[in-house]
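Here is a structure to walk through together, one stop at a time.

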Amino acid sequence: MRPIKLLPDGLISQIAAGEVIERPASVLKELLENAIDAGTTDISVNIAQGGLKLIRVTDNGGGISGEELPLALTRHATSKIASQEDLYRITSLGFRGEGLASIASVSNLLLISHQPGGKHAWQIRSEGIRVMQPEPSSHAAGTTVEVRDLFFNLPARRKFLKTEATEFAHCEEIIRRMALSHAGIAFTLRHNGNLRGHWQSAEAAVRIKTVLGEEFTRSAAWIDERSAGIGLQGMLALPAYSRAARDMQYFFVNGRFVRDKLITHALREAYRDVLHLDRHAAFVLYLDIDPEQVDVNVHPTKTEIRFREARAIHQFIYHGVSKALSLPRSGTELSQSS
Ligand code: ADP
Ligand code: MG
């Protein structure tokens, strides 16, 4: 046995990065969450070679000051929470202060930011765990994060990555989720220089149509349930539009995409009588609830959550969805009337 020793900080970051940064799409998720938390109205994403070579996200949000750039790349440094009470009423997508530090430790990163009102932009670079000094730069109000050569210093991880096409498909799925949950934000996606997606700021029904297609919205019922401070809105495909896979199941809690056993169960129960056993439902649902009623600090990637009143939530979703499925109203009808 070797003696017990404290690990160097860079190695700690790389170990932590293993939990959140699995592939290019995980980097993209962290960067999009940061842009959204910064209050952006317009996000532009550039990807090269499925994200293995480059992932660049530009926003027009609140930015980071020059002095704070090194902190942005430091583990456990965040502007989103400050106390234990904050942890139990999270309203932002991020709060762990680990995203950028994790990404930086396993890539070559460039962060450029210009705070509206600041004289000029500042930038900071890092090569793996080596972080340089901030320098003056130029950039419109907002932030660009450029991540190159993901896992260049972790060849074992890099070997697990799939083809460029597969990695890009995972990135596209992340953008779809963000676009579906943030209809008011404009998104542009380019891959290897080619335009692959552009969604203008829109109301939810229109955004759902442009992201998932008219065939889905035409066969879907709108749901709008509200009770005791909880809201459930969105679109549910009627049984005729069932799918062979669970590839069109989007559930958001307070704007965050989640996969939750309780929610899945409530939905499966509600669809049970109308859907054949080997078919899967398609839906985009938004649950809005008091942040104090959910614990999002369950898993590093934050796609798992815990509800304080689990039974009540299950009932609410089950009844709301059952009702919507028995009173079909077409989605196109709704988007025309509103
Ligand atoms: P977290 O999002 O959990 O706070 P991150 O490591 O992702 O942790 O980001 C660290 C901090 O850097 C954030 O709290 C925020 O203050 C700042 N930041 C990161 N990205 C952006 C951005 N695009 N615009 C403005 N500030 C940002
Ligand atoms: Mg973050």
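Asp288 touches Gly231 and Asn254, leaving aside residues up to four places away in sequence. In this predicted model, the C-alpha atoms of Asp288 and Gly231 are separated by 5.0 Å, although the two residues are 57 apart along the chain. To find Asp288 in the view, look for strand β14, which covers residues 283–288.

Now step back to the whole chain. The protein chain holds 12 helices and 16 strands. Its radius of gyration is 21 Å, close to the 20 Å that the globule rule gives for 338 residues, so the chain is as compact as a globular protein of that length. Along its principal axes, the C-alpha trace spans about 60 × 50 × 40 Å. Of the 338 residues, 40% are buried. Among contacts with a separation of 6 or more, 69% are between residues 24 or more positions apart.

The chain is divided into two parts: domain 1 covers residues 9–199, and domain 2 covers residues 204–337. Taken over C-alpha atoms, the centres of domain 1 and domain 2 are 28 Å apart. Where they meet, 16 residues of domain 1 and 17 residues of domain 2 take part in the contact. On the domain 1 side, the elements that give two or more residues are α1 (9–20) and α7. Helix α7 gives the most to that side, with 5 residues. By type, the residues on the domain 1 side divide into 9 nonpolar, 3 polar and 4 charged.

Helix α7 deserves a look of its own. Running over residues 164–181, α7 has 18 residues and reaches 26 Å from its first C-alpha to its last, close to the 26 Å expected at 1.5 Å a residue. Which residues of α7 are buried? They are Glu167, Phe168, Cys171, Ile174, Ile175, Met178, Ala179, Leu180 and Ser181.

Next, turn to the ligand. Ligand 1 is surrounded by 22 residues, and the closest are Asn34, Ala38, Thr78, Gly94 and Gly99. The elements that give two or more residues to this shell are α2 (24–37) and α5 (99–105). Sorted by type, the shell holds 7 nonpolar, 10 polar and 5 charged residues.

Helix α2 has 14 residues and reaches 20 Å from its first C-alpha to its last, close to the 20 Å expected at 1.5 Å a residue. How many of the residues of α2 are buried? The count is 13 of the 14, so α2 is largely enclosed by the rest of the structure. After α2 comes Gly39, with a positive phi near 80 degrees.

From here, move to the loop between β1 (42–48) and β2 (54–59), where Lys53 lies. Lys53 is 41 residues from Gly94 in sequence, and their C-alpha atoms are 25 Å apart in space. Lys53 is partly exposed, with 15 other C-beta atoms within 10 Å. Leaving out residues up to four places away in sequence, Lys53 touches Ala48, Arg148 and Asp149.

That last contact leads to our final stop. Asp149 sits in the loop between β7 (142–148) and α6 (155–158). Phi of Asp149 is near 50 degrees, a positive value in a residue other than glycine. Asp149 is partly exposed, with 16 other C-beta atoms within 10 Å. Phe151 is also found in the loop between β7 and α6. Phe151 has a positive phi of about 65 degrees, although it is not a glycine. Phe151 is buried, however, with 20 other C-beta atoms within 10 Å; a count of 20 or more is what the buried label requires, so Phe151 qualifies.

Key: Residues are numbered from 1 along each chain as its sequence is written. Chains are lettered from A and ligands numbered from 1 in the order in which they are written. This is a predicted model: local features need pLDDT of at least 70, side-chain atom pairs count only at pLDDT 80 or more; totals for chains, interfaces and linings use all residues. A residue is near a molecule or strand if its C-beta atom, placed from the backbone, lies within 6 Å of it. Helices (H or I, at least four residues) and strands (E, at least two) are DSSP runs, numbered from the N terminus. Ala, Val, Leu, Ile, Met, Phe, Trp, Tyr, Cys and Pro count as nonpolar, Asp, Glu, Lys and Arg as charged, and the others, Gly among them, as polar. The expected span of a helix is 1.5 Å times one less than its number of residues. A residue is buried if 20 or more other C-beta atoms lie within 10 Å of its own, exposed if 12 or fewer, and partly exposed in between; C-beta atoms are placed from the backbone. The radius of gyration is taken over C-alpha atoms; the globule rule is 2.2 Å times the number of residues to the power 0.38. Two residues are in contact if their C-beta atoms, placed from the backbone, lie within 7 Å. Domain bounds come from an automatic or database domain assignment.
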